[in-house]
Amino acid sequence: MTETATQSGGWRRGLTRNVVILGFVSLLNDGASEMIYPLLPAFLTAVLGVGPSVLGIIEGIAESTASLLKLYSGYLSDRVKKRKGWIVAGYAISNVIRPLIAFSTSWLQVLALRFSDRVGKGLRTSPRDAIIADSTPPEFRGKAYGFHRAMDHTGAVVGPLAATALLLAFHDDVKSIFLLSFIPGLLAVAMLLFGLREKPPEGPRTAPASFNFRSAWAEMTPGFRKYLFILLIFTLGNSTDAFLLLRAQQLGVSVALLPVIWVVLHIVKMSFSVPGGILSDRIGRKKVIAAGWLVYAAVYAGFGLASAYWHAWALFAVYGIYFGLTEGVEKALVADFAPAHLRGSSFGLYHVVVGVGAFPASLLFGLVWQRFGSTAAFGMGAGLALLASAMLAGLAVRKPAEVK
């Protein structure tokens, strides 16, 4: 049984209390995170003196760590039929650890803090994605996940704008910005504690057991396994967006404007997330995801060939369309595939597959860039996206209306 959906017309139809609460939590948390993230490449290269390959190592290890923990936390939230504790703990850890980057004096310290930040993300993400599915009727899943991503991206607009204003106020003191990110993070944790209502999944509560990857994998449908394999192929070409910020700097975007170009990206993400989710509810998830991956391929090819300042701004804007068409829709498709008693585990498998590809993707991209140049690195990403799109076209997927 799902939480009663809002029955009123308009944009709120189908959005439940938990979905709305989690949306605002993501707005605050991402606002805190995005006060830091656009400045991190400049901090590492200009302040700590490291190159693209080190940036790839840091981001690859951080994201892979998060994805492995997403698998375990999703599984445990299914076993004990509790999700809220994992969600609160995950957000709390990240928002305590993240501001400490301000005190880093070496890239190894940044790596350790990014690792700890991503531990928090790993603990919260799969239970959070599962509770959205628990709380939403199947016919509104695309919209629900799209709304959540739109709120997340709204935070990613507010965060860099706040960072830009604070950079001006603190005379480009990046470390002060990192420390001030604690404030919206604290508000996010408070909203979870007092606003989120636990909605246990269907089925009896089971005592925790040691994680059995083979058992969880064996219960998934063949279609879901194929979908995860195709996602892995795409992810191998989907390196950290820090490289896009680095490329923007090469094209002439100043450090002070990096948060602004990040805002442009997230405004487009925010604008397309809900329409993309609603479109997938109507015509099917596969078509929308494939279209988004084709946009990704075009954007990466464009970054490889770009030669002018305005190219960076235009490509970042188009890049946001890819996110709007894929982020929420990919999760809605996971929810469509997942049995009710294994939603946490299904999202855990989804996230771990993405994470397994994240480290080699970022590391390989950094190495290719350093040895062969940015054109070769971005061309590699575009090629893998095209391959994944072709594979997805051959996957048999039910339309949302057929999901019971």
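Reader: Before we start, what do buried and exposed stand for here?
Author: Buried means under 20% relative accessible area, exposed means over 50%, and partly exposed is in between, with a 1.4 Å probe and protein chains only. This is a predicted model, in which local features need pLDDT of at least 70 and side-chain atom pairs count only at pLDDT 80 or more, while totals for chains, interfaces and linings use all residues. Residues are numbered from 1 along each chain as its sequence is written, and side-chain values use heavy atoms, with hydrogens and water left out.

Reader: OK, is arginine 343 buried or exposed?
Author: Arginine 343 is buried, because its relative accessible area is 10%. This arginine is found in helix H15, where helices are DSSP runs of H or I with at least four residues, numbered from the N terminus.

Reader: And what is arginine 343 in contact with?
Author: Taking contact as heavy atoms within 4.5 Å, and leaving aside neighbours within four places in sequence, arginine 343 is in contact with Asp78, Arg83, Ala130, Ala133, Asp134, Arg141 and Ala338.

Reader: Switching topic, which residues touch the most other members of the largest nonpolar core?
Author: Those are Tyr227, Trp293, Phe316 and Tyr319, in a core of 105 residues. A nonpolar core is a set of buried Ala, Val, Leu, Ile, Met, Phe, Trp, Tyr and Cys residues joined through side-chain atoms within 4.5 Å.

Reader: Which helix gives the largest share of this core?
Author: Helix H14 (residues 309-337) does, with 13 residues.

Reader: How do H11 and H14 cross?
Author: The axes of helix H11 (residues 242-250) and H14 come within 10 Å and cross at roughly 160 degrees, which means that H11 is roughly antiparallel to H14, a label for angles over 145 degrees. The contact is made by Leu244, Leu245 and Ala248 of H11 together with Ala312, Phe316 and Tyr319 of H14.

Reader: Now aromatics: how many pairs does the structure hold?
Author: The structure holds 24 aromatic pairs, where rings of Phe, Tyr and Trp (its six-membered ring) pair if their centres lie within 6.5 Å, and planes under 30 degrees apart count as stacked, over 60 as edge-to-face and the rest as tilted. One of them is the tilted pair of tyrosine 145 and phenylalanine 347, 5.9 Å centre to centre with 40 degrees between the planes.

Reader: Where do tyrosine 145 and phenylalanine 347 lie?
Author: Tyrosine 145 lies in helix H6 (residues 141-169) and phenylalanine 347 in helix H15 (residues 343-372), so the pair ties together parts that are 202 residues apart in sequence. Both tyrosine 145 and phenylalanine 347 are buried.

Terms used. Helix = DSSP H or I, 4+ residues; strand = E, 2+ residues; numbered from the N terminus. Axes fitted to C-alpha atoms, helices over the stretch in contact; angles between N-to-C directions. Parallel < 35°, antiparallel > 145°, perpendicular 65-115°, else oblique.
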